[in-house]
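Q: I would like to learn how to read a fold from its coordinates. Can you take me through the features one at a time?

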Amino acid sequence: MFSREQEREAMFKKLQLLRSITNSHAHDKASVILDASKYIKDLKQRVERLNQDIATAASFTGENFPTYCDLGSLFKHRQIRVEEQEDDFLIKVFTTRNCQGLLVFILEAFEELSLEVLQARVSTSDSFILEAIATRENKEADDHIDAQMVEKVVLQGIQKWIEVSEQE
């Protein structure tokens, strides 16, 4: 059987392990457990977002897309997602086809809102995937930009791209 001292030592080691896993800087048990709870909640949200992305990508397999991207499909399958994160926006755009030139129109849409791209990942091999983090260039400005407004302007940029693509 464990003595109380051994039990305390085992509990201390487990608490230290929990602190290191959750990157907690707290020293008392209650704060470490609270930090762990927040960490688990964040992980659940990440898993939920990844599952949504997987479901979105899976819903497009086998569909026959025209040479341009159908704007109706963008609404129907939610290929555009904008999330507000403090002062920044996480923007995701996905199409099953490589939409040549689409990136330029999306970046022009960002400029219309005076958004500065802080970081972006783009893949255009078989499909078009854009993940960007953008922020307002002038954070002191009175105009309020929200996720819905960013999504609307990105959709307008896609609509412009479709119109140009249909003319060619």
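The dialogue below goes from the overall layout to helix packing, salt bridges and backbone angles.

Q: What kind of model is this, and how are residues numbered?
A: This is a predicted model, where local features need pLDDT of at least 70, side-chain atom pairs count only at pLDDT 80 or more, and totals for chains, interfaces and linings use all residues. Residues are numbered from 1 along each chain as its sequence is written, and side-chain values use heavy atoms, with hydrogens and water left out.

Q: How many helices and strands does the chain have?
A: Helices (H or I, at least four residues) and strands (E, at least two) are DSSP runs, numbered from the N terminus. Here the chain has 5 helices and 4 strands. From the N terminus on, their order is α-α-α-β-β-α-β-β-α.

Q: What share of the chain is buried?
A: Buried means under 20% relative accessible area, exposed means over 50%, and partly exposed lies in between (1.4 Å probe, protein chains only). Of the 168 residues in the chain, 31% are buried.

Q: What share of the contacts joins residues 24 or more positions apart?
A: A contact means heavy atoms within 4.5 Å. Among contacts in the chain with a separation of 6 or more, 58% join residues 24 or more positions apart.

Q: How do I read the packing of α4 and α5?
A: Two packed helices are described by the angle between their axes and the distance between the axes. Axes are lines fitted to C-alpha atoms, for helices over the stretch in contact, and angles run from 0 to 180 degrees between N-to-C directions. Helix α4 covers residues 102–112 and helix α5 covers residues 147–167. Their axes come within 8 Å and cross at roughly 140°.

Q: Which orientation class does that give α4 and α5?
A: Angles under 35 degrees are roughly parallel, over 145 roughly antiparallel, 65 to 115 roughly perpendicular, and the rest oblique. So α4 and α5 are oblique to each other.

Q: Which residues of α4 and α5 meet?
A: On α4 they are L102, F105, I106, A109, F110 and E112. On α5 they are V153, V154, Q156, G157, I158, K160, W161 and V164. The residues of this contact divide into 10 nonpolar, 2 polar and 2 charged. (Ala, Val, Leu, Ile, Met, Phe, Trp, Tyr, Cys and Pro count as nonpolar, Asp, Glu, Lys and Arg as charged, and the others, Gly among them, as polar.)

Q: How many salt bridges does the structure hold?
A: A salt bridge is a side-chain nitrogen of Lys or Arg within 4 Å of a carboxyl oxygen of Asp or Glu. The structure holds 5 salt bridges. One of them joins R8 to E5, with the closest N and O atoms 3.5 Å apart. Both lie in helix α1, 3 residues apart, about one turn of the helix. R8 is exposed at 54%, and E5 is exposed at 52%.

Q: Which phi does N23 have?
A: N23 is not a glycine, yet its phi is positive, about 55°. N23 sits in the loop between α1 and α2. At 58% relative accessibility, N23 is exposed.
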